[in-house]
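Please open the structure in a viewer and keep the selection panel at hand.

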There are 2 protein chains.
Amino acid sequence: MKPFSYYNPVRVLFGDKQKYIANILKADRHSEILLVYGKNSIKKSGLYDEICKILKDADIKFIEHGGVSSNPTLSHTREGVQKAKNVTAILAIGGGSVIDESKAIAAAAASECDVWEFYDGKKPTDALDLYVILTISATGSEMNSGTVLTNEETKEKLSFNSALVYPKVSIINPAITLTLPKEYLVYSAVDIITHVLEVYFTAEDHPKIQNRFCENIVKSVIQTTNKLLKNPNNINARGEFALCATWALNSLTSLGVGEYSFPNHMIEHSLSALYNVPHGAGLAVVLPAWLKYSYVNNKNSQFDRFAKKIFSKNSAKGGIYAFKKWLQKIGAPITLKELGIANEDIEKIAKNIDSVSHRWGLKQKYPYESIKEILKLAK
Amino acid sequence: MKPFSYYNPVRVLFGDKQKYIANILKADRHSEILLVYGKNSIKKSGLYDEICKILKDADIKFIEHGGVSSNPTLSHTREGVQKAKNVTAILAIGGGSVIDESKAIAAAAASECDVWEFYDGKKPTDALDLYVILTISATGSEMNSGTVLTNEETKEKLSFNSALVYPKVSIINPAITLTLPKEYLVYSAVDIITHVLEVYFTAEDHPKIQNRFCENIVKSVIQTTNKLLKNPNNINARGEFALCATWALNSLTSLGVGEYSFPNHMIEHSLSALYNVPHGAGLAVVLPAWLKYSYVNNKNSQFDRFAKKIFSKNSAKGGIYAFKKWLQKIGAPITLKELGIANEDIEKIAKNIDSVSHRWGLKQKYPYESIKEILKLAK
């Protein structure tokens, strides 16, 4: 067990709780807010109308900032910051992209600097209060202090963490996710599993309680994804899936494990920045390749354990193969080709990754040649 | 999955962090505090001297309130409230008893009413800031908002919960627990396991992710207790044991399980109130009896699952028996007799429980005759 600090003040309201959003905002004395959302899904589902009515009935004024894209962009975020200068809070209705852009706006609207400076290392000193109504369980952003943004000009996809951007309240209503298209369920499953496995495989120490905690989440994601692909209306499975997403990246998996890093996310962020592929789709391609590369290069017992505990296989290789097969079965892409990325682009991608890799604070270094090797395994 | 609300703002500093206590207090602008602790153990271990020096070096004034007993009492708490009238914060150095009494003082010192009124149903409206240096991992009080107190006059042992009494910071240094006497390790193990099993067996719903989460903690407690009885200096086992204690009662085990209740604690609190037995010792006697009674009266699949997952047994009865055997093996008492309580007292105990049972909000009712039946199983 390694030392750790843990602090997570997010209030999670799980279930049919979005009707309370006006009361929550009023209790915190907010009467003018920025409403941040994505493209059309919340308008189609009726959630947009529901929330607008609740806010209007409660005399809470709101400025709209819709159109957040699935890899949120710097230019769109900057527009949001301008709109947020006279509000006291932000209500994000969406998944990880909407929440991440909202966190960036929350920090930048309370400061004088440009929002990208935070992704470039500057520490926020204040932030607007942030409230979340979650529509896709995947990134865990609803209960953490991280945010990821893409700078379209420089093709950089970077992140920052600050306790100031923890949501004050996150409403997680699994019923809202019932209308989610199948491919997003699959991408979300891969994202959640990757969050857990990055820590599971790269950590310095592996206390048994944490190994089992991680395996529990991975098993639950696999089981609930299988159930939901058969019956998308299984509300219990939606609920359990949602809890997995939140637990996978709210710091619980990493308590006491020491240093760890996110190499798969580093590699995938370049795929998203260069080709705008969905984050979970990119991860489905990167993760099996990274597992193979890592097992060959530093055989540690975690790979055998993973194989045994998750897929009842007696060898690390068997486990990785079973995982890849499962990804295929649920309809996830597992090659660059399936993402529409040509093998000839591998050098270009590796260069992009190499240019930002120093910002990821990775314990194990990934030189250009290693990155190329991993990408080749994803051909 | 049932709806839930979760909010836990405690900052946990895990590891050798007590040296930062003055900085932490100063950052929150506290210059005069109440120092609450138990009997002699922190003086013997040197922790008392260490913390006093740190506080003095930082010019933080402190009033001392030592002598908290292992079942903290109302009269001693009232003395603490008087001492706390001119301080802005409380530093609790101890285990659950010291923290619980400190929570009570924190709430009462910031109000005009008598402290027992909170245990009688009144809601606190304010509280002093509370900081914790944990010396025994058992009750989970370091990361929850509950407190239990014994009224020696009325022989009532009652509790209250308030978000106002969450510790602001809890320092958990497993190295501090290395000097803990063997019997306290055993009592702590039983307390932690009981916290988990109360939820595991009494909850309305049993999402698989929560079943596995609970089983993970129970397994870890059993494994680390076995290790520590062989080698008390196993610092990794101490660390994992400490994380178990904190996770067992910081609300994580109950997310999404719906209503649940604490019948074993209800029964044990009367044993402690009447005979001043250590809480964990009382639980070791009550829990196997309650398990047997409950399995016979409402055979649900959780009992079979428990037997299989924790003790690799194929029947609920086999599981309960194996658990009882394990309790014996680690040296826990498993009969009232071993606690020095005569069988003739069963009626008196049952009456005491019956008189407070309405305050426990139990989903399943425990009439006087049922309580007697459970106690008879503990003969």
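**A tour by selection**

Begin with strand β3 (residues 32-37) of chain A, which is joined to β4(A) by 5 bridges, the two strands running parallel. Strands (E, at least two residues) and helices (H or I, at least four) are DSSP runs, numbered from the N terminus, and two strands pair if DSSP finds at least two bridges between them. Within this pair, Glu32(A) has Lys61(A) of β4(A) opposite.

The model is predicted: local features need pLDDT of at least 70, side-chain atom pairs count only at pLDDT 80 or more, and totals for chains, interfaces and linings use all residues. Residues are numbered from 1 along each chain as its sequence is written, while chains are lettered from A and ligands numbered from 1 in the order in which they are written.

**The sheet**

In what order do its 7 strands lie? The order is β4(A)-β3(A)-β5(A)-β6(A)-β9(A)-β2(A)-β1(B), in an open sheet with mixed pairing. At the edges are β4 (61-65) of chain A and β1 (4-6) of chain B, each of which pairs on one side only. From one strand to the next, the twist averages 15 degrees.

**Between the chains**

Now select β1(A) and strand β2 (residues 11-14) of chain B. These strands run antiparallel and are joined by 3 bridges; Tyr6(A) has Val12(B) as its bridge partner in β2(B).

Contact is found between 28 residues of chain A and 28 residues of chain B, where contact requires that the C-beta atoms of two residues, placed from the backbone, lie within 7 Å. Which element gives the most to the side of chain A that touches chain B? It is α8(A), with 7 residues. At least two residues each come from β1 (4-6), β2 (11-14), α8 (208-230) and α9 (235-248) of chain A. This side of chain A has 15 nonpolar, 8 polar and 5 charged residues. Ala, Val, Leu, Ile, Met, Phe, Trp, Tyr, Cys and Pro count as nonpolar, Asp, Glu, Lys and Arg as charged, and the others, Gly among them, as polar.

Domain 1 of chain A brings 19 residues to the contact and domain 2 of chain A brings 28. On the domain 1 side, strand β8 (residues 156-161) of chain A gives the most, with 3 residues.

**Helices of chain B**

Finally, select helix α10 (residues 263-275) and helix α11 (residues 279-297) of chain B. Their axes come within 9 Å and cross at roughly 135 degrees. Axes are lines fitted to C-alpha atoms, for helices over the stretch in contact, and angles run from 0 to 180 degrees between N-to-C directions. That angle makes α10(B) oblique to α11(B); angles under 35 degrees count as roughly parallel, over 145 as roughly antiparallel, 65 to 115 as roughly perpendicular and the rest as oblique. Display the contact residues, including Ile267(B) and Leu271(B) of α10(B) and Leu283(B) and Trp290(B) of α11(B). The residues of this contact of α10(B) with α11(B) comprise 7 nonpolar, 4 polar and 1 charged.
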